[in-house]
Every structure is written in C-alpha cells, then in structure tokens.
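Here is a short briefing for a first look. Please keep the sequence and the model side by side as you read.

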Amino acid sequence: MSAEQVIALVSALTLAILTPGPAIIATVQTAFLHGRARALPYALGLATGASLWCLFALAGLAVLFRLHPALFVALKVFGGFYLLWFAWTLWRASTLPLPPAAGGASKGFWGGIALNLSNPKPALFYAALILSVFPEPMGIARQALIYGICLGTELFWYALVAVLMSTALMRARYFAAKFWIDRAAGIAIALLGLLLIVNH
C-alpha cells in the first residue's frame, strides 16, 4: 500500500465525515445539549458503526469479485456515478439549512452504532471509495490494514468533533463554515468519482 493511497483514503473519508450529515449533526447537537461526557461515547459509537460498513464492504467485495470477476468493472463504474451523485447532493446542500439531528433520545455508545448502521449510504460510499483508491484485488492482510485506517480516521474525527463542539465558539464557526465545507467536499468527491469511471 503506497503513501499516496493512504493519503487519498484518509482525505476522502475525512471530507465525508466532516460534511454536515445526520451523524455529524447528531454529534454536534449532543455536544451542545449534553456536554462532552455524553457526546464523546456517542461519537465513538458513531465511528464504530460507520467503520462496520467499511468492514462489510471489504468482505462483500472480496467474495463478489472472487465469484464474478466481471462485476469488478461494473461496480467500479457504478461506484463512480454514485460518488458523482453524492458530490452533487453536497453541492446543492451547501445553500440549505442544516436538517434536524437524527438519533432520538438514545445517544450513548450503542445509540451511535445504531444511527450509523441504520443508514446504508456509508456502505455504498465505502465500496466506491475503496474501489477508487485500491482498484486491484486485495488479500486479507491489506483489507485488515484498510479497515484499521478507516476505523482510526472515524474515531479521531468523531471524537475530536465531540470534544471541540462542547464550546460555544466552535459551534458558531462550524455553522458559519457549512457552505465551504459542503462545496469543498463536493468537488473532491466528484473528482474521485470521475477517476473511478475514467479508469475502469
């Protein structure tokens, strides 16, 4: 695994995590309403739940490609178009107000896992991202390393958001930067999608 691949994986995942969506909004609002003591375990649960989609994507892709190698190209093209669609939704959302937080009353560790597992979109995102960054077939050791990198990235950012958003100053800055966060993430993810389609 090259350094460029690791950087691309972590960068794209970071943009996806920090783009305002149900999980990150729930983390922010939990930090605002209940403080760090409750927001941090919830954030760790969200990170764990999201990383499970990575694990499912890695396991499913390995079996699928071994049984049907022709589907590898088809899934790459589909993943590219999915990333383009995802980028377009981020671009459009940049001018819209934030939606209400998802989640409900259960905002502990297991509540965080449940929220991210209830949303299948990360599975498609992870599959498309992994295909674009690692187009070659992978063994168990490389898959485990990729999962570890993704889990570490998820844990770092969700925990950092929970800690930082416990302060009023960071809350104001986060909401003020929503437009630029959405636009930057949309451009970066669209480029990944185009590369995936062109290099299929």
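**A buried cysteine and its partner**

Cys 150 is buried, with a relative accessible area of 0%. Cys 54 is buried as well, and its relative accessible area is also 0%. Keep in mind that this is a predicted model.

**Cysteines**

- How far is the sulfur of Cys 150 from the closest cysteine sulfur? The distance is 3.7 Å, and that closest sulfur belongs to Cys 54.
- A disulfide is a covalent bond between the sulfur atoms of two cysteines.
- To count as one here, the two sulfur atoms must lie within 2.5 Å.

**Overall build**

- The chain holds nine helices and zero strands.
- Read from the N terminus, the order of elements is α-α-α-α-α-α-α-α-α.
- The chain has 200 residues, and 44% of them count as buried.
- Consider the contacts in the chain with a separation of 6 or more: 88% of these involve residues 24 or more positions apart.
- The accessible surface of the chain is about 9700 Å². Carbon and sulfur atoms account for 76% of that surface.

**Ala 59 in helix 3**

- Helix 3 covers residues 36-67, and Ala 59 lies in it.
- Is Ala 59 buried or partly exposed? Ala 59 counts as partly exposed, because its relative accessibility is 43%.
- Ala 59 and Ile 140 are 81 residues apart in sequence. In space, their C-alpha atoms are 9.1 Å apart.

- Which residues make the nonpolar surface patch? They are Trp 88, Trp 91, Ile 187, Leu 191 and Leu 194.
- Two elements give two or more residues to the patch: helix 4 (71-93) and helix 9 (178-198).
- Helix 9 contributes the most, with three residues.

Terms used
Residues numbered from 1 in each chain as written. Predicted model: local features only at pLDDT ≥ 70, side-chain atom pairs only at ≥ 80, totals over all residues. Heavy atoms only, no water. Helix = DSSP H or I, 4+ residues; strand = E, 2+ residues; numbered from the N terminus. Buried < 20%, exposed > 50% of the residue type's maximum accessible area, 1.4 Å probe, protein only. Contact = heavy atoms within 4.5 Å. Areas by Shrake-Rupley, 256 points an atom, 1.4 Å probe, with all protein chains shown as cover. Patch = residues over 30% accessible without salt bridge, like charges linked within 9 Å, V, L, I, M, F, W, Y side chains within 5 Å. Salt bridge = Lys/Arg side-chain N within 4 Å of Asp/Glu carboxyl O.
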